[in-house]
Amino acid sequence: MKDDIQVHKDRFIKELQEFLKIPSISSLSEHKENVQAGAEWVADSLKKSGMDNVEIIPTERHPIVYGDWLHAEGKPTVLIYGHYDVQPADPFELWETPPFEPVIRDNKIYARGATDDKGQLFIHIKALELLMSENGTLPVNVKFCIEGEEEIASPNLPPFIEENKDMLAADAVVISDTSFIEEGQPAICTSLRGALAMEVKVETANTDLHSGTYGGGVPNAVHVLVDVLSSLHDEDGRVAVEGFYEGVPPVTDKLKQEIAEIPFNEDKMKKELGMTALYGEKGYTFNEQTGIRPTLEINGIGGGFAAEGFKTIVPSEANGKISCRLVGDQDPNHVYRLIEKHIQTITPDYASVEMNQFVQAKAVALNSQDPMIQVAAKAYEKVYGVRPLFPKEGGSIPIVEVFARVLESPVVLMGFGLPSENLHAPNEHFHLENFTKGIETVCEYLQSLSN
């Protein structure tokens, strides 16, 4: 299979470049037609790879692409999930080359969506194409569920999964939308934190006021907001909202040992980030803080005058954006209500506060010893010569929990990206070595599942 991949490598890369040229930005309405074009491109690729029953399924916003091949009688069924939508590309001036004009430099392909998630998704399509062309059949049954809304929190996919769980039923759900620990060290993520996002708006007077005429005699909305936000943590870095840690599982010695196996160099990280010290909840290591502990972060603050120059006012409005990463049995809606109660309680009578929730997702934990995950680990080891590690990721892929819960199937997070590939940032790229080795690994995985 490795030789076949090399024979077709140039064609595969050229096809990937065509895919990456499509500015399928799901969050911007002006790109709606481009997102549709991305769905059509994926559907066409599935047909060319030999998939049956390929269809583009409309939703209230962007379509889902489905396809299957179900002729391996008595063999397992694998559902492959990915997404063809991408993040916006701005700030454009920081890109070395235009984000939707893919180029290859130093054996890496540069473009928006290269690693998140078009390059990783395309690995599976090309792996199946090779297996079909070589054998005229596949070793297992395969289904695809590919969405165009992952970058906007997948609003339409969960109900689709609920309504079509028989059509999507599988023995394993395979997702390639995560990364290695570092170059040459594969990883199979075995937990993802949940997510919660909200906005807080504080109001005092009905207009901004002159600080000479009114300053010292009227409340300042920015002062109020700063006081409210600073109350959300204690001096040890813990979230100070009453009840916030309900549902957070204890950190066992076994879990600590598993996390300690993940390489981490604090001095290297501080140097890379230009920091003199790290920060976090007291009593936990960096990998524990970012992988298995919940967080509350202030993502942004607005209010008053922030343009060039100076304007002496008492601001009447201020707003803050907050996000949480959740673990264990923490329920996003419950946590939101706790934070809302805390903020309303601490806000003084001379100010009013309004809150809005935007994002919510439950945490998910996966069993690293599940046979479907262990077969994947062996496939990585055979191709890369290195046994994968099983990290706990701090990020969130909300749909993972939905797949696991609704389909009652193990989810295998077979990522092929690298942490350094600038996903969501200018100069996003994907290492072509992992593109070709990824195809080989997926082929090995599917063939091993049939044994």
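Mentor: Two strands pair if DSSP finds at least two bridges between them. Helices (H or I, at least four residues) and strands (E, at least two) are DSSP runs, numbered from the N terminus. One caution: this is a predicted model, in which local features need pLDDT of at least 70, side-chain atom pairs count only at pLDDT 80 or more, and totals for chains, interfaces and linings use all residues. Residues are numbered from 1 along each chain as its sequence is written, and side-chain values use heavy atoms, with hydrogens and water left out.

Trainee: What makes β1 and β2 a pair?
Mentor: Four bridges join β1 (residues 52-57) to β2, and the two run antiparallel. The definition asks for at least two bridges, so β1 and β2 pair. The bridge partner of D52 is D68 in β2. Six residues lie between β1 and β2 in the hairpin they form.

Trainee: Which strand is joined to β2 by five bridges?
Mentor: That is β6 (residues 141-147), again antiparallel. Y66 stands opposite C145 of β6.

Trainee: Why is β2 called largely enclosed?
Mentor: Buried means under 20% relative accessible area, exposed over 50%, and partly exposed in between (1.4 Å probe, protein chains only). Six of the six residues of β2 (residues 64-69) are buried, so the strand is largely enclosed by the rest of the structure. Both faces are covered: I64, Y66 and D68 are buried on one side, and V65, G67 and W69 on the other.

Trainee: Why is α12 called largely enclosed?
Mentor: Seven of the ten residues of α12 (residues 398-407) are buried, so this helix is largely enclosed by the rest of the structure. Among the buried ones are I399, E401 and F403. Just after α12, E408 takes a positive phi of about 55°.

Trainee: What makes β4 and β19 edge strands?
Mentor: An open sheet is formed by three strands in the order β4-β5-β19, with antiparallel pairing. β4 (103-105) and β19 (429-431) each pair on one side only, and they are the edge strands. On average, neighbouring strands of this sheet are turned by 25° against each other, direction ignored.

Trainee: Which helix packs on that sheet?
Mentor: Helix α13 (residues 432-449) does, touching β4, β5 and β19; contact means heavy atoms within 4.5 Å. The direction of α13 makes about 55° with that of β19. Axes are lines fitted to C-alpha atoms, for helices over the stretch in contact, and angles run from 0 to 180 degrees between N-to-C directions.
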